Amino acid sequence: MSDTATSRQKQYLRQLGCKDVAKLSKQQASQLIDQLIAQEKASGKTFSCPYCKSQFGPRPKRTKTCPSCGQTIVHLSGKFYTQHQVDNLNQKEWLAESLANTKSEVKDDWKEERKYRKEFGEALILGYQITAGDSCPHTKPLENGLVLIEDAFDNPELLPPFDECRHDSCECDFSSVMGDEAPRRLRIIESSDKSARSKLVTRQNSPYAAKGKTSGCASVLGVCFLLIAVCSCITLL
């Protein structure tokens, strides 16, 4: 495990006025933070409330009730936030982390899938079946729909969670659909946006990509930029 100061420690130190933080260890960063906070307190420095802009001091360790407006001030890595701002930060970090995890999972699956198809001449994993969470009505039209593994590899944002999903309530998920276990009829989720579809190039070069005929439409509004508008439902026979 790395002993280098964390990104949050470095951010905190920069807010405290220390710029030379690249080579600090975690322990050194922690000690320096305590030292600089003590200096701030001794100097009588004050700070602005993110709600009412009135001044307060000294710097709180994490949260503080503003003496003027009574709102709870959240202190993160040297900056002060409202509760709403913290929620937005948590949402942004959750989406970014979820996307990174999904991208890594699909990348690993596709790497193994390519080996399997090359060896056996057929698909092992068709793609990923979407499960819509009870708290995410915007994903209901996608319930049990299939995102081809080729499409998920090109754009992991086709899989949940989506932008409208919330970090504190989303239960949306996806699971692998194996070729020998797939139901007879599956709906393949596709965007009606031609420019979005043109970016899904992997399936064009995959001889074992699922194929079928258009059988209808499902309205999928506001899920993500590739699922905006109406999605085609392709039936695997």
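In which sense do strands S6 and S7 pair, and over how many bridges? Select S6 and strand S7 (residues 146-148): the two pair in the antiparallel sense over three bridges. Strands are DSSP runs of E, at least two residues, numbered from the N terminus, and two strands pair if DSSP finds at least two bridges between them.

The model is predicted, so local features need pLDDT of at least 70 and side-chain atom pairs count only at pLDDT 80 or more, while totals for chains, interfaces and linings use all residues. Residues are numbered from 1 along each chain as its sequence is written, and side-chain values use heavy atoms, without hydrogens and water.

**Strand S6**

Keep S6 (residues 125-131) selected. Six of its seven residues are buried, so the strand is largely enclosed by the rest of the structure; buried means under 20% relative accessible area, with a 1.4 Å probe and protein chains only. Next, select glutamine 129, which stands opposite leucine 146 in S7.

**Histidine 75**

Now move to histidine 75 in strand S4 (residues 72-76). This residue counts as buried because its relative accessibility is 3%. Display the side chain of arginine 59: it makes a polar contact with the side chain of histidine 75 at 3.5 Å. A polar contact is a pair of N or O atoms within 3.5 Å; within protein, one must be able to donate a hydrogen and the other to accept it, and residues adjacent in sequence count only if both atoms are side-chain atoms. Finally, select lysine 61, whose backbone oxygen lies 3.3 Å from a polar atom of the histidine 75 side chain.

Definitions and conventions. Buried means under 20% relative accessible area, exposed over 50%, partly exposed in between (1.4 Å probe, protein chains only). Helices (H or I, at least four residues) and strands (E, at least two) are DSSP runs, numbered from the N terminus.
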